[in-house]
Amino acid sequence: MFAAGAPFWIGYGFVPESGVGDQAMVHRDTGFELLVDGETVPLHTDVKVEGDRAVRKFTVADFPQGLPPGWHRFAGRWFDGGVLALTSDRSVEFVER
């Protein structure tokens with residue numbers, strides 16, 4: 001349970017696979033998608049670039065107003081190089097404080 005109306009964020013980050021050398025980079029099609037109650041959530045993405053290589057990618061969904069009371073469904077999708085690698089689907093109850 002979480003407090004209704006309380007701000008929160010959901011985020012996920014990517015870095016190159018360890019041990020692949022100095023040329024490792026995060027693929028441009030590697031990323032995270034989030035749906036809440038079946039609706040796509042706008043995401044803010046920050047990419048750290050060294051030279052011409054993306055070495056870190058961090059994506060955040062910000063909910064500054066929180067969510068209203070009740071059950072809300074969160075569905076996440078993780079892509080590695082454009083290929084769906086993982087999914088998660090959870091329902092969370094938000095309650096009045």
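A pocket is an open set of grid points, on a 1 Å grid over the protein atoms alone, with protein on both sides within 12 Å along at least five of seven lines. A volume is the space filled by probe spheres set on the points. The model is predicted.

By that definition, the second largest pocket holds about 200 Å³ of space. It is lined by 16 residues, and Ile10, Phe32, Leu34, Phe74 and Arg90 are the closest to its centre. Strands S2, S3 (31-36), S7 and S8 each give at least two residues to this lining. S8 has the largest share, with five residues. Sorted by class, the lining of the second largest pocket has 11 nonpolar, three polar and two charged residues.

Now turn to the largest pocket. Its space is about 240 Å³. Its lining consists of 15 residues, and Phe14, Val15, Thr30, Phe79 and Asp80 lie nearest the centre. At least two lining residues come from each of strand S2 (8-14), strand S7 (70-80) and strand S8 (83-95). The class count for the largest pocket is 10 nonpolar, three polar and two charged residues.

Where is threonine 30 found? It sits in the loop between S2 and S3. Is threonine 30 buried or exposed? Its relative accessible area is 5%. The cut-off for buried is under 20%, so threonine 30 counts as buried. Its side chain reaches the backbone nitrogen of glycine 81 at 2.8 Å. Leaving aside residues up to four places away in sequence, threonine 30 touches Phe14, Lys57, Phe79, Asp80, Gly81 and Gly82. Among these contacts, Phe14, Phe79 and Asp80 are also listed nearest the centre of the largest pocket.

Valine 92 is the next stop. It belongs to strand S8. At 18% relative accessibility, valine 92 is also classed as buried. With residues up to four places away in sequence not counted, valine 92 touches Phe2, Gly70, Trp71, His72 and Phe74. Alanine 6 is 86 residues from valine 92 along the chain, and the two C-alpha atoms are separated by 14 Å.

The rings come last. A pair of aromatic rings is described by the distance of the centres and the angle of the planes. How many aromatic pairs does the structure hold? There are 10. One of them joins phenylalanine 8 and phenylalanine 94, with ring centres 5.7 Å apart and planes at 35 degrees, so the pair is tilted. Phenylalanine 8 lies in strand S2 and phenylalanine 94 in strand S8, so this pair ties together parts that are 86 residues apart in sequence. Phenylalanine 94 is buried, with a relative accessible area of 3%.

Tryptophan 9 and phenylalanine 58 form another pair. Their ring centres are 6.4 Å apart and their planes stand at 70 degrees, so the pair is edge-to-face. Tryptophan 9 is in strand S2 and phenylalanine 58 in strand S6 (residues 53-63), so parts that are 49 residues apart in sequence are tied together. How accessible are these two residues? Tryptophan 9 is exposed, at 55% relative accessible area. Phenylalanine 58 is partly exposed, at 32%.

Ring pairs also build a cluster. Its members are Phe2, Phe8, Phe63, Phe74 and Phe94.

Note on methods: Residues are numbered from 1 along each chain as its sequence is written. This is a predicted model: local features need pLDDT of at least 70, side-chain atom pairs count only at pLDDT 80 or more; totals for chains, interfaces and linings use all residues. Side-chain values use heavy atoms; hydrogens and water are left out. On a 1 Å grid over the protein atoms alone, a cavity is a set of points where a 1.4 Å probe fits but cannot get out, and a pocket is an open set with protein on both sides within 12 Å along at least five of seven lines; lining residues have an atom within 4 Å of a point. Helices (H or I, at least four residues) and strands (E, at least two) are DSSP runs, numbered from the N terminus. Ala, Val, Leu, Ile, Met, Phe, Trp, Tyr, Cys and Pro count as nonpolar, Asp, Glu, Lys and Arg as charged, and the others, Gly among them, as polar. Buried means under 20% relative accessible area, exposed over 50%, partly exposed in between (1.4 Å probe, protein chains only). A polar contact is a pair of N or O atoms within 3.5 Å; within protein, one must be able to donate a hydrogen and the other to accept it, and residues adjacent in sequence count only if both atoms are side-chain atoms. Contact means heavy atoms within 4.5 Å. Rings of Phe, Tyr and Trp (its six-membered ring) pair if their centres lie within 6.5 Å; planes under 30 degrees apart count as stacked, over 60 as edge-to-face and the rest as tilted.
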